[in-house]
Amino acid sequence: MALAENAALAVVVGVVLAVILLAARPLLGRLAARNIRRRTSRVLIVVAGLLVGTAVISSSLVVGDTLSYIFLEDVYVRLGAVDELVSNEFSGQLFSFAETNFTQITADLASAGSPIDGAAPTLLKVMPVRNVAGNKGNQQITVMGLNASHEGAFGPLTTLDGRTIDTDSLGSTEVYANERAAADLNATPGQDLTLFYGTTNQTLVHATLADIVRDEGTASYERRAMLFLDLRRAQAAFNESGAINLIRISNLGGVADGAASSERVTQDLRLSIANRHLALRVQEVKADGIAQAIQIGREATELFLVMGAFGILAGVLLIVNIFVMLAEERKPELGIVRALGFLRKDLLATFALEGTFYAVVAAALGALAGLGLGYLMVYFFDRVVPHGEVVVTFHFDPASVLTAFVAGTALTWATILVASWRVSRLNIVRAIRDLPEPGTHERYRDVLIAGILLALGGVALAVWGFATNTGMGKIPGPPVVAIGLGIAAASRGWARAALTLAAAFNLVWILMPVALLNQATDNVSVAFVMTGIILVGSGILIAVFNVSEVLRGLLRRASRGAGRPVLTTGISYPMEKRFRTGMTVAMFALILFMVTLISMLQGLQASSLDSFVRQQSGGYDVIAYTTSYGEITDFRRVLQENFSEDLFLGGWNGVASASVLPAKVQAVGSNRSYDYTLWGVDNFLIRSNGYGFTSFLPSYVNESTGQREDLATREQVWLSLRYNHTLAIVDRSAAGPNQFVPDESRLRVVPGDRIRAFDAAGRAVNLTIVGVLEQALQFTSGVFVDQDVVRSAFPAEERYTAYFFQMAPTINVGAFRADVERVYFTYGLQTIDIREEVGRAFDASQQVLTLMEAYLAIGLLVGIAGLAVITLRAVVERRTQIGALRAIGFTRRMVLSVFLLEIALIAVLGVGIGMALGIVFAYKIYIVYFADIVVFTIPWDHLLLIVGLASVAAIASTAHPAIRASRIPPAEALRYIE
């Protein structure tokens, strides 16, 4: 509420100040109101242009609110009343412990007065379940053993017809199923189910479905498909007598409020566990889930604000342009008012009051428009972005809308005040005669001082950046120095040469193939916005100071045709008003820069899909894995009995396996351990996989011969695992110099480093890294060793098995997957089509990027609106010039051509600068970070489509005022007074 209260206070203060000013000087208010009333149609255009910045801010906050809300609700649905979990969990695997530990812990909590209202012992297993009558099965059904006497705090199980039941009501062979499990198994009450527990020594449990319960409370735990048994029945069925593997804790308070006590309860739990020397750990699942949901909302807000930052900047430039044009247009009027006795502060106040009207109205409409824009973004997010079973519901906090309103108002106010201060410093005589302000010694001195101060500030930034190794100083420091020196030189009359050289230096500094960003500590979003502003600003400086000279040089060499007067006139006005032209070009260039980057990212993904699939698959098409621990006995014999070797590339040699162990891994000499997967690969996989390396050792010692052998090819590196069981290979995630955002929760090693992998019981192997793969793997990430290493060091019940299939080119992969899952169903074997999974992730990413492009299109509206407003104001400001042109022989068509040429010049500069810099910057990112991961390409078709649409929209928005200008009669234009 503090944010909302502060925002409301800021609005109230602003309103009070405006009221005081109006009460003290009502004349100023009447003058401001007169300017607004006599230009009603233009006011609407100005407000429409100004509200976009606020709409971007509002929509960003609203999208963040919605994502936080939906993921918070998902946490409450998945966990229900559960706030903490106590388990003997190791790398994702739940190990059983004595049920007497539960009794001891609950007694300690009661003695400590811990704020809980319930604790429940649980035995939770995941296994294949088949419904023979329904002819359907599922490899991953969660079976939960519950003690009904401890379930009161977690809510009852409720049948579909609303009856309350518990596991005490079950018969000796009966189970309940939640709605998800019943649907997955095509089961109805009374049907018999078969539960397949274990892999190596499998136990079959036969049960009858007693009833179906709603997916709510305990039955919605983690949104799983679940069966419920009495705890004693589950312990007997799964040979776990007197054992549980999970304790669920519910804190005092409701589903949402209970998390407030998590810190106290967790402290009491850990104290009890430590005092009794139990090998258990506590997880604050509810508090962690809430924190993660809030973080998702913040990251979404930041992402949309970064995407919209260039649109907001374009809105600021539009405000500056509008008020500069208003000042130019009213210059004679303002001079007369000053001659009649108005002080500079009176002019400032009049402009500020007029601007306040624009600011408040535009910010209010923009905040409301942001709600609509946010709703559209959420709507398309729901349609195009995969989000599992999370229910997407539009939601916003009124404080966010109020914050957007205040931010938009403040942004507009600040810009207006600066522009108004500039306007108030006019010379009375020159203003009445509408003459340009001359340069004075004092003004040159002020410019020189400003340039020197700016350069010194840049030096300080650069020194700080290099001293602390932060891109926040290294990125802007040298460019600020260059611009400061350029401004200082401009005070001596060398503006064009100095600022052109400064801008060229800035482009080289930002685009040189060197990483300026500190990936570990810098805020990437802030650095990205800074980089974009420096690049676009520098490009615009070069353009506005040099394009006119280039065009005039071309015109001097061109023939003296009928079009030359139009061309000369068309380029003279934009180049004479360099500040205004630069602001307008920037509105287009900023947005096109960002749109081009998004399009380039889409193009890089599209061009790299095949290579990415190849790198991820290692030459395999299908990966299969068991859902329970242990190994499938006689896997190859069963495979050969049920399938033909013609299905596989290279026959039976196209099938490989790996013994997989969830383990902890730490670098030797380090105390920090990481959750990791240990892949014990068989001889088939070692010899036939296609995984390449980014780095590896030059040689190794062959244990069978005792000789040191050279490593020159990837095949030799893989074979080294077979001949030396102390060697290991890691994927790129463990040693990624080109990983753009480092993951601090990952192991960081290079070839030659030594690591230790161990299980929950302390069994361990010491390994030396022989090679690092060229890609961070999605499906098989971890540490690769020879299969004998895993099998000899760790028991079968701690590991599961993965199988790799290289399919023949003409084989139907989908049909093979269905058949292999059917044959090995009792072992819970599940399959992944690697190309299909990568393609699905690729499509989702492309859809998100398209959504971002659509969001950025709003920023283009600012540029187009700005161009329309500027053209409209230019027609009014230049009516006398238009009359003079018509009087000396310009036809209507020539006048129209002049205006259209001006519009085209601005649009071409904006589009060209934004697109060119976007492409070059994307190439710099590619060279520095992703050169060995993706294939560089430019999606010209996509970019040209965007450019075409932007150009058509720009011409369409400015055609009406341009046509109006061409139709003004000369006599009327020459004597025109608005």
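Reply: Val-13, Val-16, Leu-17 and Ile-20 make a nonpolar surface patch of about 360 Å². Patch members have over 30% relative accessible area and no salt bridge; like charges are joined within 9 Å, nonpolar side chains (Val, Leu, Ile, Met, Phe, Trp, Tyr) within 5 Å. A salt bridge puts a side-chain nitrogen of Lys or Arg within 4 Å of a carboxyl oxygen of Asp or Glu. Areas come from the Shrake-Rupley method with a 1.4 Å probe, and for residues only the protein chains shown count as cover.

This is a predicted model: local features need pLDDT of at least 70, side-chain atom pairs count only at pLDDT 80 or more, and totals for chains, interfaces and linings use all residues. Residues are numbered from 1 along each chain as its sequence is written, and side-chain values use heavy atoms, with hydrogens and water left out.

Val-13 sits in helix H1, residues 2–24. Val-13 is partly exposed, at a relative accessible area of 42%. Buried means under 20%, exposed over 50%, and partly exposed in between (1.4 Å probe, protein chains only). Helices (H or I, at least four residues) and strands (E, at least two) are DSSP runs numbered from the N terminus.

Now the whole chain. It has 29 helices and 26 strands. Of its 978 residues, 54% count as buried. The accessible surface comes to about 41700 Å², and 60% of that belongs to carbon and sulfur atoms. Take the contacts (heavy atoms within 4.5 Å) with a separation of 6 or more: 80% of them join residues 24 or more positions apart.

Next, some loops. Arg-223 lies between strand S10 (203–213) and strand S11 (226–230). Arg-223 is not a glycine, yet it has a positive phi of about 55°. Arg-223 is buried, with a relative accessible area of 17%. Asn-239 is in the loop between helix H6 (231–237) and strand S12 (243–244). Asn-239 is exposed, at 61% relative accessible area. Asn-239 and Thr-203 are 36 residues apart in sequence, and their C-alpha atoms are 9.0 Å apart in space. His-277 is in the loop between helix H7 (262–275) and strand S14 (281–283). His-277 also has a positive phi of about 55° although it is not a glycine. His-277 is exposed, with a relative accessible area of 72%.

On to helix H9, residues 331–339. Its buried residues are Lys-331, Leu-334, Gly-335, Val-337 and Arg-338. Seen down the axis of H9, these buried residues fall within an arc of 160°, so they line one face of the helix. The arc is that of the directions from the helix axis to the C-beta atoms. Just after H9, Gly-341 takes a positive phi of about 120°.

Finally, strand S17, residues 674–681. S17 is mostly covered, with 6 of its 8 residues buried. Two strands pair if DSSP finds at least two bridges between them. Strand S16 (residues 655–667) runs antiparallel to S17, and 8 bridges join them. Gly-680 stands opposite Val-785 in S24.
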